[in-house]
Amino acid sequence: MISTSNNIKITEIETSRISEVDFNNLPFGKHFADYMFEMDYKDGAWQQATVVPFRNLSIHPATSALHYGQAIFEGLKATKNEADEILVFRPDMNAKRFNESAIRMCMQPVPEEMFLEGMRAVLKQNSAWVPSAEGQSLYIRPFMIATDEYVGIKASDNYKFLIICSPVGAYYSEPVKVKIEMEYTRAAEGGVGRAKAAGNYAASLYPAKKGLEEGYRQLIWTDAKTHTFIEEAGTMNVIFVIDDVIITPSEEKDTILKGITKRSVLEVARDWGYKVEERPIKVDEVIDAIKSNRLTDAFGAGTAATIAPISEIGYLGVDYKLPAVETRTFSNKLKEYINEYKLGLVEDKYNWIFRV
Ligand SMILES: *Cc1c(COP(=O)(O)O)cnc(C)c1O
């Protein structure tokens, strides 16, 4: 059956695959919901928006994204509240950031409204896949690839924008031991670190693997030029509490990804009366603060875990232990509040909840 809603053409599935999935045992990103959103850009315009049964793509071997990496993505989550409504946390921010990534990668922006309406349509079709059990959610992955069938280097004339959805379980973020990375670099000034570009993640795998071999679960990236300033924690933004001040590297530099979780944490912190500073942070400042017991909290902030506590920091061969997670009033309080906020359990005082 084919129907249209809001100019989005919907093709119904024949039978749902949902019974194949064990919702009590959900691995991250391995199962995909029945429907996906798909829309192509060609002849200078976005074509018919569609919601279609999830299926493999058939692409030409010369598809330019496969060769030169014009590929970007977003990541966000949908949950269901007690009234069975589907809630999404700040997707307008993802739509904006997606287009900032598109512009940096010389790709075609997706009208924000189409990003949001496409997401709404695919979530409605996938409604049964949005879990309501504690901690579970439907992970939403919008992405775009360049689809010119051409092995010459140029910005593609054709693009494909898709939204796929994957039910995921509670993300237990055990406190992680991290290493201050002094050799490899995630992002250099003038580069593409601010974009959620596929290649950034490919580039981080080798240093991450080396870190893991040395016993570190994640890397703290430092600036490309001097390796003396802290930038991010793996694929999350990083936040410290030193002398009761919440500090995080400023976004002014184009090497820092503008995280929505971090932005939300800082807005709430300011509202709660904490002093917040977004500024350059030297590695030495953090190490000194640990040594003199002035650092009381350190965590990564990102959609996957919301808040991922850091338990230990390795720097130049020495491992520095951080205060026990139970003692961290700031991040514990914030994590609880933001997680409840996403579930619609507290008042939507910042207007952050998008209802499907
Ligand atoms: C996605 C991402 C983040 C976190 O962004 P959120 O919007 O909070 O999920 C931080 N750093 C990098 C490098 C990322 O890719």
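The model is predicted.

On the H5 side, Ser 264, Val 265, Val 268 and Ala 269 make the contact. H7 answers with Phe 330, Leu 334, Tyr 337 and Ile 338. By class, seven residues of this contact are nonpolar and one is polar. No charged residue takes part.

H2 covers residues 91–104, and H3 covers residues 112–125. Their axes lie 9 Å apart, and the packing angle is about 130°. H2 and H3 are therefore oblique to each other. The crossing of the two is right-handed. H2 brings Pro 91, Asp 92, Asn 94, Ala 95, Lys 96, Phe 98 and Asn 99 to the contact. H3 brings Glu 112, Phe 115, Leu 116 and Met 119. Six of the residues in this contact are nonpolar, two are polar and three are charged. The H5 contact with H7, by contrast, has no charged residues.

The ligand comes next. Around the ligand stand 14 residues. Lys 196, Tyr 201, Glu 232, Thr 261 and Thr 303 come nearest. Two of these reach ligand oxygen through their side chains. A polar side-chain atom of Lys 196 sits 2.7 Å from an oxygen atom of the ligand. For Thr 261, a polar side-chain atom is 2.6 Å from a ligand oxygen atom. Thr 235 uses its backbone instead: an N or O atom there lies 3.4 Å from a nitrogen atom of the ligand.

The H5 residues that touch H7 are Ser 264, Val 265, Val 268 and Ala 269.

Note on methods. Residues are numbered from 1 along each chain as its sequence is written. This is a predicted model: local features need pLDDT of at least 70, side-chain atom pairs count only at pLDDT 80 or more; totals for chains, interfaces and linings use all residues. Side-chain values use heavy atoms; hydrogens and water are left out. Axes are lines fitted to C-alpha atoms, for helices over the stretch in contact, and angles run from 0 to 180 degrees between N-to-C directions. Helices (H or I, at least four residues) and strands (E, at least two) are DSSP runs, numbered from the N terminus. Angles under 35 degrees count as roughly parallel, over 145 as roughly antiparallel, 65 to 115 as roughly perpendicular and the rest as oblique. A crossing is left-handed if the near helix is turned anticlockwise from the far one by less than a right angle, and right-handed if clockwise. Contact means heavy atoms within 4.5 Å. Ala, Val, Leu, Ile, Met, Phe, Trp, Tyr, Cys and Pro count as nonpolar, Asp, Glu, Lys and Arg as charged, and the others, Gly among them, as polar. A residue is near a molecule or strand if one of its heavy atoms lies within 4 Å of it. A polar contact is a pair of N or O atoms within 3.5 Å; within protein, one must be able to donate a hydrogen and the other to accept it, and residues adjacent in sequence count only if both atoms are side-chain atoms.
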